[in-house]
Amino acid sequence: MDALEHKVRTDGLVISEKILKVDGFLNHQLDPRLMFQIGEAFYQQFQNAGITRILTVEASGIAPALMTAWHLEVPCIFAKKKQPNTLTDSGYQTEVHSFTKGKTNTITLSREFLQADDQVLIIDDFLAHGHAALGLNRLVEQAGATTAGVGIVIEKSFQNGRQNLKQAGLAVHSLCRIASLAKNQVTLLDN
Ligand code: 5GP
């Protein structure tokens, strides 16, 4: 996706050979026009997949997930990283290891918002090793629902997330794929 690739090149800050900071448009400040276009790109890809729910995890997945839900005209739900006091049922739960924070969170989703007949599109901001997406897929499995696909805004293709998702039988569509962050430089994968 050209507009996103341009933003990644111009606004992305290489923190290390493994981490890219994109606080200027995705992880802290949000660029609404770009988020809208991201939603549109996922819509183009998944419009015929019979999606009934968009699922992400708070916080940075919410903006692209919501814009995708807007285009597909379905609800957007997000797993919470803290067990909320307001949860009225036991909820679906699983543990997810955070690549950037180096810690494990229990993520929770109310049973109210995901049913066995749902076709779910999982959306996340980054793909590194696939822990977040696989965790979200486990919540979908707990509900007896189906994951129809995984949409990723920025994939770091030099890590093994895509391979791990593929092994789990999940189809991944990424809007921007990074081949390397070596030498303090963003190198994109040729599509
Ligand atoms: P995974 O679960 O695929 O190992 O890692 C993806 C999650 O970790 C995303 O939800 C994202 O929040 C975070 N993440 C992984 N790599 C990066 C990165 O290079 N930059 C930023 N900003 N977040 C990342």
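Ala, Val, Leu, Ile, Met, Phe, Trp, Tyr, Cys and Pro count as nonpolar, Asp, Glu, Lys and Arg as charged, and the others, Gly among them, as polar. By that scheme, the shell around the ligand holds seven nonpolar, five polar and four charged residues.

This is a predicted model, where local features need pLDDT of at least 70, side-chain atom pairs count only at pLDDT 80 or more, and totals for chains, interfaces and linings use all residues. Residues are numbered from 1 along each chain as its sequence is written, and side-chain values use heavy atoms, with hydrogens and water left out.

The ligand is surrounded by 16 residues, each with a heavy atom within 4 Å of it. Among the closest are Leu-20, Gly-130 and Lys-156.

| Residue | Atom of the residue | Ligand atom | Distance |
|---|---|---|---|
| Leu-20 | backbone N or O | nitrogen | 2.7 Å |
| His-129 | polar backbone | oxygen | 2.8 Å |
| Asp-125 | polar side-chain | oxygen | 3.2 Å |

The protein covers 88% of the 500 Å² of accessible area that the ligand has on its own, by the Shrake-Rupley method with a 1.4 Å probe.

Strand E7 (119-127) and helix H5 (131-142) each give two or more residues to the shell. E7 gives the most, with four. Helices here are DSSP runs of at least four residues, strands of at least two, numbered from the N terminus.

Methods. Polar contact = N/O pair within 3.5 Å; in protein donor to acceptor, adjacent residues only side chain to side chain.
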